[in-house]
Amino acid sequence: MDVIRVKNADEGGKKAFEIIKDGIANGADTFGLATGSTPETMYSYMIESDMDFSDKVSVNLDEYVGLDGNNEQSYRYFMDQHLFNHKPFEKTYVPNGKAQDLDAECQRYDDIIAANPIDIQVLGIGQNGHIGFNEPGTSFEATTHVVELTESTVNANKRYFDKVEDVPTRALTMGIQSIMKSKKIILMAFGEAKAEAIKGMIDGKVTEDLPASVLQKHDDVVVIIDKDAASKL
Ligand code: F6R
């Protein structure tokens, strides 16, 4: 893993944006994207740039079960607001949280990932080491699947909802196997709450108990962390 230490989320987002820009200059055209607070600064740099993404494809990591794209808490809505409404892509994929048949939706999403191999995957990390919504204990072989979110994740995400009961308890997520097939991975983490997970991911053993530790087995991972997220290294 190539670990880059930055001052703050702004510098981290700028660094990630520069890696995306270099990737595009070298032919990358399909991006695995994440929601959450972590990549927001990177999206701002993308929006502020003069870059054109209209021939690029994005494949998002995850979506809450039960929310459609017009719901302000949905990840589709987040992506539209933070990136796609400002910088249109040729095609943007997000799992359909309102699908009637969730198993069929997982298969459909795996077919999308297979047809659009990811050049650069952007990741945040959960306090419990999740990537996407692959919670501790998820098989490294998992493809797209439905997850029951852990209490830790529901609590971490409640800041976006009026009350904790409103946070969906299930999500659809790209699996670890698919994340690992991305050619390049950028993982960002900012803030002390991520320090323990970052330590485990970088220095700990590779274990399904800390999903992000699987990234030690990928040969092109850039980790961008601020001082607080790096504080336990
Ligand atoms: C979001 C996602 C999650 C987040 C993680 C960190 O699409 O897949 O794994 O990256 O929960 O969230 P933030 O960035 O809000 O701390």
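1. A pocket, as the word is used here, is an open set of grid points with protein on both sides within 12 Å along at least five of seven lines, and its lining residues have an atom within 4 Å of a point. The model to which this is applied is predicted.

2. By that definition, the second largest pocket is lined by K15, E18, I19, D22, G23, N26, A28, D119, I120, K183, K184 and D220, and about 160 Å³ of space lies in it. Helix α1, residues 9–25, gives the largest share of this lining, namely 5 residues, and the lining as a whole divides into 3 nonpolar, 2 polar and 7 charged residues.

3. The largest pocket holds about 690 Å³ of space. Its lining comprises 39 residues, with T35, G36, S37, N157 and R159 lying nearest the centre; the elements that give two or more residues to this lining are α2 (40–48), β4 (62–64), α3 (75–84) and α5 (151–157). The largest share, 5 residues, comes from α3, and the residues of the lining divide into 15 nonpolar, 19 polar and 5 charged.

4. The packing of α1 and α2 may also be noted: the angle is about 55°, with the axes 7 Å apart, and therefore α1 is oblique to α2. The crossing in which α1 passes α2 is right-handed.

5. In the contact between these helices, A9, D10, G13, K14, A16, F17 and I20 of α1 meet T41, M42, Y45 and M46 of α2, and the contact residues divide into 7 nonpolar, 2 polar and 2 charged.

Technical notes:
Residues are numbered from 1 along each chain as its sequence is written. This is a predicted model: local features need pLDDT of at least 70, side-chain atom pairs count only at pLDDT 80 or more; totals for chains, interfaces and linings use all residues. Side-chain values use heavy atoms; hydrogens and water are left out. On a 1 Å grid over the protein atoms alone, a cavity is a set of points where a 1.4 Å probe fits but cannot get out, and a pocket is an open set with protein on both sides within 12 Å along at least five of seven lines; lining residues have an atom within 4 Å of a point. Grid points are joined across faces, edges and corners, and a volume is the space filled by probe spheres set on the points. Helices (H or I, at least four residues) and strands (E, at least two) are DSSP runs, numbered from the N terminus. Ala, Val, Leu, Ile, Met, Phe, Trp, Tyr, Cys and Pro count as nonpolar, Asp, Glu, Lys and Arg as charged, and the others, Gly among them, as polar. Axes are lines fitted to C-alpha atoms, for helices over the stretch in contact, and angles run from 0 to 180 degrees between N-to-C directions. Angles under 35 degrees count as roughly parallel, over 145 as roughly antiparallel, 65 to 115 as roughly perpendicular and the rest as oblique. A crossing is left-handed if the near helix is turned anticlockwise from the far one by less than a right angle, and right-handed if clockwise. Contact means heavy atoms within 4.5 Å.
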